[in-house]
Amino acid sequence: MNIPENLKYTKEHEWVDVKEGVAVVGVTDYAQGELGDVVFVDMNDAGETVSAGDEIGSVEAVKTVGELYAPVSGKVAEINEALEDAPETVNSDPYGDGWMAKIEMSEPSELDNLLDAAAYRELIGQ
Amino acid sequence: MDINLQSAKKTKLFAKHAEAGAKMVEFAGYAMPIQYESILAEHKTVRESVGVFDVSHMGEFFVRGERALDCVQEVITNNAAKLVPGKALYTAMCYEDGGIVDDLLVYRLAEDEFMIVVNAANIDKDFQWMSRHDFAGAELSNLSDEYALLAVQGPDSQKTLEKLTGAPIDLEFYSFAQTTLAGVEVILSRTGYTGELGFEIYFKGDEAAAGALWDAIFEAGAEFGIKPVGLGARDTLRLEMGYCLYGNDIDATTNPYEAGLGWVVKLKAKEDFTGRTALANVKAEGVTRKLTALKTEGRAIPRKGYGVSANGEIIGEVTSGAMSPTLGHGVALAYLKKEFAEVGTTVEIDLRGKPTPATVVELPFVKK
């Protein structure tokens, strides 16, 4: 199970990578494994202002569908449009090309509410 | 492994699934492989080469004796009298009101012996139903726990199995042979739930014997890229063909005519069987809703329970849906009011709050 040390995590199995005030968001390796083959990533349009916990999209796998929540508040600056044609990237590269949204954070202190790699590893019992 | 799985029944191939790295789920009381590596890859394997399913959870009943045919005819809507030994048929079994008890396969093993293959979730219900309706006094037995069932499906399935029979397999669709495969006595049936050339293999024996046959099939199919296939791909494969799944598309509240299974109801050939009066009425009056094939343009998945509407009015509900791996778009079966079931009609499926256009199409979704 790949759980990179440099990322933050949520209890909803999302990861957050902070780069210059922007939170890059995706789902974890564990989540993609539990979902199975991802066939459709349905993201809300970019430009929306969201609060931490708001639904910003959904991830459809063959057998199930999962919601994607904003881990932090801010403006959704960009969504990963490449996933429209290649949703399987979420399975093959969840922490890289499988990223889903970039959020310009309005409350950077919210990052303190997220889990570090060790806490996330414990959450999923690894 | 969760609690459901610990109490679930295991098939004789359980160890083989673990060995192959299957993700196991509880299904109809059995621990079954939902997928091994990827549902999409397994789906493709069956469409393009050959895949193997353990479907040992299915139930097998045997009906024997002079009145065996009468016993079977009483409970099924199709006509087993036309079966000669070596032939099988698909049928519905109906309640008095025409609702469906189960859909099943009937194999005529001999003049006075039939094998009935039923859905795993319905084994107890079906056996009770058949026993209660055995007015003919045939000998009925439920050997579901003794029989294993493997489905070998795909364009290379015949070449794979011919390596184990040592002779050409000459079976028409819905025919079977009582033969040996890799030294195991089997019922080898040219049937399946995928729409591909394929076989279903019924056999008795312990875990070791089942495992040995499993291994022999994989060795024989290695040159074709044979793979184990789980229930996930079994569902997408059957849905692409428009085959009904009991519990989703048919159940006690649906009748064969509205499910598009009128072809298995033989009112002319059979003067009496359980449910006949109600079904004759449905046929005479016509149905009010029909199981309808819908396609959507995008890859969002129309799932069971999603509402279908037209002109702002709810006209039905999805009973099965998927993103068709072969076609790359959404496909669904839904019971719609009859007037919306014409091919070409446009309706809307509520995809989790997003009304999405869908078009009524002909089955199968994937033309073979």
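1. In chain B, helix α6 (residues 157-165) and helix α7 (residues 207-221) have axes that come within 8 Å and cross at roughly 120 degrees. Axes here are lines fitted to C-alpha atoms, for helices over the stretch in contact, with angles from 0 to 180 degrees between N-to-C directions. Helices (H or I, at least four residues) and strands (E, at least two) are DSSP runs, numbered from the N terminus. The angle therefore makes α6(B) oblique to α7(B); under 35 degrees counts as roughly parallel, over 145 as roughly antiparallel, 65 to 115 as roughly perpendicular, and the rest as oblique.

2. This is a predicted model, in which local features need pLDDT of at least 70, side-chain atom pairs count only at pLDDT 80 or more, and totals for chains, interfaces and linings use all residues. Residues are numbered from 1 along each chain as its sequence is written, chains are lettered from A and ligands numbered from 1 in the order in which they are written, and side-chain values use heavy atoms, with hydrogens and water left out.

3. On the α6(B) side the contact (heavy atoms within 4.5 Å) involves B:Thr160, B:Leu161, B:Lys163 and B:Leu164, and on the α7(B) side B:Ala216, B:Ile217, B:Ala220 and B:Gly221. By class, five residues of this contact are nonpolar, two polar and one charged.

4. Helix α3 (residues 39-48) and helix α8 (residues 231-241) of chain B pack at about 55 degrees, their axes 8 Å apart. That angle makes α3(B) oblique to α8(B), and the crossing is right-handed. Residues in the contact include B:His43 and B:Val46 of α3(B) and B:Thr236 and B:Leu237 of α8(B). The contact divides into five nonpolar, three polar and three charged residues.

5. Between the chains, 18 residues of chain A are in contact with 16 residues of chain B. The two chains bury about 1400 Å² between them, 47% of it on carbon and sulfur atoms (accessible area, 1.4 Å probe, lost on putting two parts together, summed over both).

6. Four salt bridges are found across this interface (side-chain nitrogen of Lys or Arg within 4 Å of a carboxyl oxygen of Asp or Glu). B:Lys354 forms a salt bridge with A:Asp42, with the closest N and O atoms 2.7 Å apart.

7. The whole structure has 23 salt bridges over all chains. One of them joins A:Arg121 and A:Glu5, with closest N and O atoms 3.0 Å apart. This pair links distant parts of the chain, 116 residues apart: A:Arg121 lies in helix α3 (residues 117-123) of chain A, and A:Glu5 in the segment before β1 (8-9) of chain A.

Key
Nonpolar A, V, L, I, M, F, W, Y, C, P; charged D, E, K, R; others polar. Left-handed = near helix turned anticlockwise from the far one by under 90°.
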